[in-house]
Structure formats: structure tokens, C-alpha cells
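Good morning, colleagues. Please look at the sequence and the structure together as I begin.

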Amino acid sequence: MVALIGQLVLVSLSGSALGAAGAAFFCDALFPAVFAAWPQMNDVSPQWTIGSLVGACLVVVAIFVCGGLRSCVRAGRVSVMEALRGDEAPSTRVFWLRALLTVSLVALLAWAAVGLSESDFTTVMTWGVLLPIPFCALIGLSASFVCPFVTRVWTAVVPPSMVPAWIVARRRALAELAHGSSAQLPVAVGFGMVAGLYSVLGALRSYAAMQGADASGYGLGLTEVILMLGGPVLVCGVGAACSVVMSVKSRGRDVSLLSAAGASQAMVVASASLEAVIHVVSSILLGSAVALLSVMMLNVSLGASLFAGAELAPGLVVAAVGAILIAFATLVPTGIALSRDVGPALALRE
């Protein structure tokens, strides 16, 4: 267990150190370019110290260790023979710390909603652009329940008789979510952040225009969007794809079982493609919820129409990147499994 925790610390410390070094090196050059469309930011310059960078690295390490501590403890209690025996059954328990953080975040959002409703426009504008962040965090904390629930509900609308491969794809997607929500959560968070930011700015722009003020400052140009959100978008897509790739062994066995049961290669490929579609659509629904909740909370504070300024289309860029990477990570292992003999794949556990 100590070795596993040490690995978590090493990986998180290395990644955070590289990120801090990159931020310190590129921040001065990129900050003016990102906020070039905002005249009020011309006199603002980023400030950082060695202490702040070290503090950021320590926060990242703490988050990684807290997130992986439970798994490390459980892995340390599993014997070698038990680990080789087979896949672990998914746990249905809700970790008490996750439940506590979820309830605390909901209470914090409720308090923020009351505070914003009693604030002036400047305060609402300052804090309103940050609203997608806590809502994304809320999705992340409740992902073990929310992701399977959303996927189960919307996929039940499609009759299996219409698309024979659909039932296989649906069961495979739900089985994967039972072991973790990382196939959907990165894209959902990326979609929510992008669409949420655009929606909040759209709501502020709509309110300013309604009040007869200049609304030109509440927007982002293409250059600013690429510089600000290009990295996170790519990370979200790669994170989701890596999660799908991690299930390559179980996917190979499933493909062999389907082939042995008489499924054609076309049906196997179709089910893998539909599985990628299920993950992406579920991510879009979750990300849309983040954007809509953010803009609703802001508009209630401004006394405007609930969905005024909502813009979900920019989030589709994240969904498109995620869809390409998830489809690649799903179809390539499926094609490799189809090229192998069924007998050895079923006789031996890889």
C-alpha cells in the first residue's frame, strides 16, 4: 500500500511540477493574448512566486492522494491469488467523504445563489463567470451515481429491436460505468466548462444589451478560446480515451464471447461504435446540465429570463474531440480482438 501511495505522490508531483513550470514560462506571454478582447484587463498582469507554485503543486498532490487513497488501501488488502482470480465486482457503496463533499457543495451553491441575488451587477459579473466550476465539481463528486443513471434513462428510450447491436452496446457501457465513470466524466466536464463559460458570458451580454449598455466586452474571440480552452479540451478527450483503452482486456474477451455466440463481425463493430456514441451523448447531456444550471443561477440573480444567453453549441467542440478519441480507443481494440482466434482468447485469461 505504501508503494502505491508513493507512486501517486510521484506521478502527481511530477505532473504538477511540469504544469507549474509551463505556467510560469508561458503565462506572461499568453495572458495578454487571451484577454485581448477585454479592454478592462489591459492593466492587469499575472503575478506568481515560487511559494505560490509550490503551494499549487502540493494542492494537486493532495487531491491525487485523497482521490486514490481508498483504492490503494483496498489494493493493499488483496492477495496476489485473489487479484489473478478474476475481475473485481463493482462496489455499490458510496464513500462517506464523497457524500459529505457533495452535500457541502450543494449547500455552498445554495448560499452563493442567495448571495448573488442580493448583489450588484459588478459582483454578479465578477463571480458569475466562475459558476461552471462548482457545477462541474458537483458532477464529478456525484459521477458514480449520475453517469450510470443518465445513461440508463436516455438509452432506454431506444427500442433494442430497432438496432440489434444497441442492447449489447448499452449493456457494455453500463458495465463499464459500474466500475468507474472516467469514460464520460472528462468529456462532460470539458463540455460543461466550455458551454458554461459561453452561456454565462452570453447571459451577461444579453443583460447588458437589455439595460442599454455596451455589450461588446462580454465575449471571447477565436484566438482567446483556443489559448484558454484548447489545452483543457484536449486533456478531456485524451482522458476519456485512456479510460476506454484501459478496458482493452475485458473488451477482447467480450468480443470473443460474441463471436463464439454467432455474432457477425459487422454486429460486433456496430456495438462498439454505438458504445462510443452512448458515452459521448451521456457526456453531452451532463455537460449541458452544467451549462444550463450555471446560466439559470446567473439569470435568477440578474432577474432575467432563465435561459437567456445560453449557448451549448461551443461545447460540441469538446464532444467532437472526445467522440473521435473514444471511437478510436473503442474500435481499434475491437478490431484487434476480431483478428484473433476465439478459442485461445476464451481458454486463457490474458
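How much space lies in the second largest pocket? About 300 Å³ lies there. A pocket is an open set of points on a 1 Å grid over the protein atoms alone, where a 1.4 Å probe fits, with protein on both sides within 12 Å along at least five of seven lines; lining residues have an atom within 4 Å of a point. The volume is the space filled by probe spheres set on the points, which are joined across faces, edges and corners.

This is a predicted model, in which local features need pLDDT of at least 70 and side-chain atom pairs count only at pLDDT 80 or more, while totals for chains, interfaces and linings use all residues. Residues are numbered from 1 along each chain as its sequence is written, and side-chain values use heavy atoms, without hydrogens or water.

Thirteen is the number to keep for the lining: 13 residues form it, and Trp-111, Ala-112, Leu-116, Trp-127 and Leu-131 lie nearest the centre. Helix H4 (96–117) gives the largest share, 7 residues, and helix H5 (121–128) supplies at least two. Helices here are DSSP runs of H or I, at least four residues, and strands are runs of E, at least two, numbered from the N terminus.

The protein as a whole has 14 helices and 0 strands. Of its 350 residues, 36% are buried, meaning under 20% relative accessible area with a 1.4 Å probe, protein chains only. The buried residues of H13 include Val-318, Gly-322, Pro-333 and Leu-338.

Technical notes. Buried < 20%, exposed > 50% of the residue type's maximum accessible area, 1.4 Å probe, protein only.
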